[in-house]
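Colleague: I am new to this structure. Please walk me through how to read it.

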Amino acid sequence: MSHPYLSAVIDLVRQAGEAILPHWRSELEVQAKADASPVTAADMAAHHVLLDGLQALDGSIPVLSEEDCAVPLAERAGWTRWWLVDPLDGTKEFIAGSEEFTVNVALIEQGEVRFGVVGIPASGRCYYGGKDFGAWRSEADGATQPLRVRPHPVGSFTVVASRRHSSPAQERLLDSLRGRFGELALANVGSSLKFCLLAEGSADCYPRLAPTSQWDTAAAQGVLEGAGGEVLEVAGAPLRYEARETYLNPSFLALPAGVDWREMLIELANRS
C-alpha cells in the first residue's frame, strides 16, 4: 500500500533540489529572519517550487512552509490535512558548503504524519515512507532499497547527535546512556538526516532535548515510522503536529519501536 500523492511529491522534492543546487557552493547573500536564522535565495527557490507544485497537486490542502509560516492559529486550527514543508533544512550546513542539507515535505492528517519525503540535493538520494506502508531509500540512478530499523545495537550503541545543537539536558542523557550501554558511538550529521540514519539501521537512538521546529522533523518522522521506528515526547506520548501557537516541538526521542530499552530511555530522559 502507498499513497496516491507520494510519487508526485518525490518528484517535487527532486525538482526543489535542482532549484537549490545552482546556489550551492557559490557566492550567497545570506539574510537573517526574525528569529535570527539564516535564509538564502536557495531556500526561496525551493519554497516556490514546492508551493506551486503542491497547490497544483491538490489545491484543497493548505501548505505550511518554513518560508511562509505567518498563518494565524485560528486558521490553522481548522486544518485537518495539510502539507508541512522545509524547503531547505540545514541552511547553515548549506552555507558552509556541506552536503548535509535536505528538502523536507510531509503530509499531516489529524495531527499525525501520513507520509514524509526527505531529499538530499547534493547526492540525489531520497528517503520516503509512512507508518502504514513502509519506507524506502532511492538513489539518483533510480535504485531503490526498503528501509528497516535495527532492533539491537551492532557493536557500540550508536546515538545520533547534531553537529550544531545540544543542551545540558542532552549531555546529561548521553552520560546516563554511557552508564547503561558503555562507551557510545556518536553519529554526527546535519538536518533531518539524523532520523534517516535510524530508519536505515545505521544508528539506535536520536534524542533531541534542544529546540526544533515542526518542519524540521515531520517528513523524516514519516520515514522513520515507515521503517519501524517511533518518535516520542519525553513523557512517552507520540510526537504529534496539532496546530499550536508555537511551531516549536517539545523535546523528543527517536528510536526503533518495541526495543527492550524503551522505558529505560524515557526514564533517563525525564531525569536529565
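**Strands, helix, charges and cysteines**

Modeller: Strands β10 and β11 (residues 185-188) pair in the parallel sense over four bridges. Strands pair if DSSP finds at least two bridges between them. Helices (H or I, at least four residues) and strands (E, at least two) are DSSP runs, numbered from the N terminus. This is a predicted model, where local features need pLDDT of at least 70 and side-chain atom pairs count only at pLDDT 80 or more, while totals for chains, interfaces and linings use all residues. Residues are numbered from 1 along each chain as its sequence is written, and side-chain values use heavy atoms, with hydrogens and water left out.

Colleague: Which residue of β11 is the bridge partner of V160?

Modeller: A187 is.

Colleague: Are the faces of β10 buried or exposed?

Modeller: In a regular strand, side chains alternate between the two faces of the sheet. Buried means under 20% relative accessible area, exposed over 50%, and partly exposed in between (1.4 Å probe, protein chains only). In β10 (residues 158-161), T158 and V160 on one side are buried, and so are V159 and A161 on the other.

Colleague: What span should helix α2 have?

Modeller: The expected span is 1.5 Å times one less than the number of residues. Helix α2 (residues 41-57) has 17 residues and should span 24 Å. Its end C-alpha atoms are 24 Å apart, which agrees.

Colleague: Which residues of α2 are buried, and what covers them?

Modeller: The buried residues include A42, D43, A46 and H47. Among the elements covering the buried residues of α2 are α1 (6-20), β4 (81-89) and β5 (102-109).

Colleague: How many salt bridges are there?

Modeller: A salt bridge is a side-chain nitrogen of Lys or Arg within 4 Å of a carboxyl oxygen of Asp or Glu. The whole structure has 15. One joins E112 and K131, at 3.2 Å from N to O. E112 lies in strand β6 (residues 112-120) and K131 in the loop between β7 (125-130) and β8 (134-138), so the pair ties together parts 19 residues apart in sequence. Another joins E242 and R240, with the closest N and O atoms 2.4 Å apart. E112, K131, R240 and E242 are linked in a network of salt bridges.

Colleague: How many disulfides does the structure hold?

Modeller: A disulfide is a covalent bond between the sulfur atoms of two cysteines. The cut-off here is a pair of cysteine sulfur atoms within 2.5 Å. The structure holds zero disulfides. For C196, the nearest cysteine sulfur is that of C126, 9.1 Å away. C196 is buried, at 1% relative accessibility.

Notes: Contact means heavy atoms within 4.5 Å.
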